[in-house]
Amino acid sequence: MRVEVTNADVAAAKRAWQRAVDNGESEVRTRLLYDSLRRVINAQAQQMADDFRAKRAS
């Protein structure tokens, strides 16, 4: 099973984090959202790498 991570997913995570920063939410909440953003970006990068390797292998 594969979950596609889109640019829209990355943008939504970034907006959520930025909104928390701009609204002065707690450090814990801001850190949690930043960590989520990093995970989404990493998942998308891994997805792109997997796609690249699959295309090269075929």
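How are α1 and α2 oriented to each other, roughly parallel or roughly antiparallel? The structure is a predicted model, in which local features need pLDDT of at least 70, side-chain atom pairs count only at pLDDT 80 or more, and totals for chains, interfaces and linings use all residues. Residues are numbered from 1 along each chain as its sequence is written, and side-chain values use heavy atoms, with hydrogens and water left out.

Two packed helices are described by the angle between their axes and the distance between the axes. Helix α1 spans residues 7–22 and packs against α2 at an angle of about 165°, the axes being 9 Å apart. (Helices are DSSP runs of H or I with at least four residues, numbered from the N terminus; axes are lines fitted to C-alpha atoms over the stretch in contact, with angles from 0 to 180 degrees between N-to-C directions.) The two helices, α1 and α2, are therefore roughly antiparallel, a term for angles over 145 degrees.

Turning to one residue, Gln 44 belongs to helix α2, residues 27–57. Because its relative accessibility is 13%, Gln 44 counts as buried (under 20% relative accessible area, with exposed meaning over 50%; 1.4 Å probe, protein chains only). Leaving aside neighbours within four places in sequence, Gln 44 is in contact (heavy atoms within 4.5 Å) with Val 5, Thr 6, Asn 7 and Val 10.

Asp 22, in helix α1, counts as exposed because its relative accessibility is 56%. From Asp 22 to Ala 54 there are 32 residues in sequence and 41 Å in space, C-alpha to C-alpha.

Terms used. Parallel < 35°, antiparallel > 145°, perpendicular 65-115°, else oblique.
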